[in-house]
Amino acid sequence: MVFFQLERTVPLSPDDAWRRLTQWSRHGDVVPLTHVAVLTPAPTREGTVLVARSGLGPFAFADRMEVTVWQPPSEDEPGRCRLEKRGRVVLGWAEIEVRPGPGGRARVLWREELRVRFLPSLFDPLLRTTARSVFGRAVNRLLRGR
């Protein structure tokens, strides 16, 4: 299992950063070869289930996730979302935290613990580097609104 963390400070309000990071279908727009489907009715809340399907043809896999913590940012509290990964291939969790940062900007913290079933721990360093790179670019694109 690998752990990685991303931090960003962006010229957005916490509400805007939160909205951009939690529009689940947009994750499929910014992660290569991925489509995201939300399986439960809107709005997002604890218990929301989504599936990210990544890959091509017979080499694709589904990353099933459930929202287990859903606390949008407020005046007094940072926004927090936790997704538990419950797929056949990808396991672990991801946490998104959005809080006020310096100069009216938003500070974003993305933490993730990731395990790919059947992948020996020998590959953990490569998995960590790859996941950090892919998710880092995805977070940047989500926050830019593209």
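**Entry 1: a buried glutamate**

I looked up E112 and found that it counts as buried because its relative accessibility is 0%, where buried means under 20% relative accessible area, exposed over 50% and partly exposed in between, with a 1.4 Å probe and protein chains only. I note that this is a predicted model, in which local features need pLDDT of at least 70 and side-chain atom pairs count only at pLDDT 80 or more, while totals for chains, interfaces and linings use all residues. Residues are numbered from 1 along each chain as its sequence is written, and side-chain values use heavy atoms, with hydrogens and water left out.

I placed E112 in strand β7, residues 106-116; strands (E, at least two residues) and helices (H or I, at least four) are DSSP runs numbered from the N terminus. The side chains of E112 and K85 are joined by a polar contact of 3.2 Å, that is, a pair of N or O atoms within 3.5 Å, one able to donate a hydrogen and the other to accept it, where residues adjacent in sequence count only if both atoms are side-chain atoms. Leaving out residues up to four places away in sequence, E112 touches V2, F3, F4, K85, W93, A94 and F135, contact being heavy atoms within 4.5 Å.

**Entry 2: a second residue of β7**

I then turned to L114, also found in strand β7, which counts as buried because its relative accessibility is 7%. Its contacts, again without residues up to four places away in sequence, include K85, L127 and A131.

**Entry 3: the sheet and its helices**

I traced an open sheet of seven strands in the order β1-β7-β6-β5-β4-β3-β2, with antiparallel pairing; two strands pair if DSSP finds at least two bridges between them. β1 (2-10) and β2 (34-38) stand at the edges with a single partner strand each, so one side of each has no neighbour in the sheet.

Strands β4 (residues 61-71) and β5 (residues 79-86) pair in the antiparallel sense over six bridges, and I found L83 in β5 as the bridge partner of V67. Helix α1 (residues 14-21) packs on the sheet and touches β4, β5, β6 (90-100) and β7.

**Entry 4: the pocket**

Which residues lie nearest the centre of the largest pocket? I found V31, S54, F61, V134 and F135 there, among 29 lining residues. The largest share of this lining, six residues, comes from α3.

How values were computed
Axes fitted to C-alpha atoms, helices over the stretch in contact; angles between N-to-C directions. 1 Å grid on protein atoms, 1.4 Å probe; cavity = no way out; pocket = protein on both sides within 12 Å on 5 of 7 lines; lining within 4 Å.
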